[in-house]
Amino acid sequence: MRDPNQITIIGAGAVGLCAARALAMRGSRVTVLDQGEPGSGASRGNAGWVVPNRTAPVPAPGLVGASIRSLWQRDNAFSVRMAADSDYLRWLISFWRHCNA
């Protein structure tokens, strides 16, 4: 017979881990399964964004060009703080390569 207090969550991204924590705090025994490291899938690709009205991945065709153009708009909320950091540069290049259909 299935134990109703035993919950298995598939996906150790931002949403899966938050759900696991909330369920554990309510008394459930939670197991989280993921094929990779926690946060290394969609959560990493979406830079940790959890936005209810945004269900598509952040990288999209034309995003890099639009983002660069917006840096010169005075009323823009988007900004990038450039740093001499090889991990940051690798992430930025990977993000750019994933901005496709």
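**A guided reading of the predicted chain**

The protein chain has a mean pLDDT of 79, and 76% of its residues reach 70 or more; pLDDT is the predictor's confidence in each residue, from 0 to 100. This is a predicted model, in which local features need pLDDT of at least 70 and side-chain atom pairs count only at pLDDT 80 or more, while totals for chains, interfaces and linings use all residues. Residues are numbered from 1 along each chain as its sequence is written, and side-chain values use heavy atoms, leaving out hydrogens and water. Confidence in the protein chain is highest in β2, at 94, and lowest in helix α2 (residues 42–45), at a mean of 69. Where pLDDT is low, the predicted coordinates should not be read in detail.

The protein chain contains four helices and two strands, which are DSSP runs numbered from the N terminus (helices: H or I, at least four residues; strands: E, at least two). Along the sequence, they follow the pattern β-α-β-α-α-α. Of the 101 residues in the protein chain, 15% are buried; buried means under 20% relative accessible area, exposed over 50%, and partly exposed in between (1.4 Å probe, protein chains only).

Ser-28 lies in the loop between α1 (14–25) and β2 (29–33). With a relative accessible area of 16%, Ser-28 is buried. Leaving aside residues up to four places away in sequence, Ser-28 touches Asn-5, Ile-7 and Leu-23, where contact means heavy atoms within 4.5 Å.

In helix α3 (residues 63–70), the buried residues are Val-64, Ser-67 and Ser-70. Seen down the axis of α3, they fall within an arc of 130°, so they line one face of the helix; the arc is that of the directions from the helix axis to the C-beta atoms. An α-helix has 3.6 residues a turn, so residues three or four places apart point the same way. The cover over the buried residues of α3 includes α4 (86–97).

At the start of α4, a side-chain oxygen of Asp-85 reaches to within 3.0 Å of the backbone nitrogen of Asp-87. Further along this helix, Trp-91 and Phe-95 are four residues apart, and thus separated by about one helical turn. The structure holds one aromatic pair: Trp-91 and Phe-95 are stacked, at 5.1 Å centre to centre with 25° between the planes. Rings of Phe, Tyr and Trp (its six-membered ring) pair if their centres lie within 6.5 Å; planes under 30 degrees apart count as stacked, over 60 as edge-to-face and the rest as tilted. Phe-95 counts as buried at 14% relative accessibility, whereas Trp-91 is partly exposed, with a relative accessible area of 25%.

How values were computed:
Polar contact = N/O pair within 3.5 Å; in protein donor to acceptor, adjacent residues only side chain to side chain.
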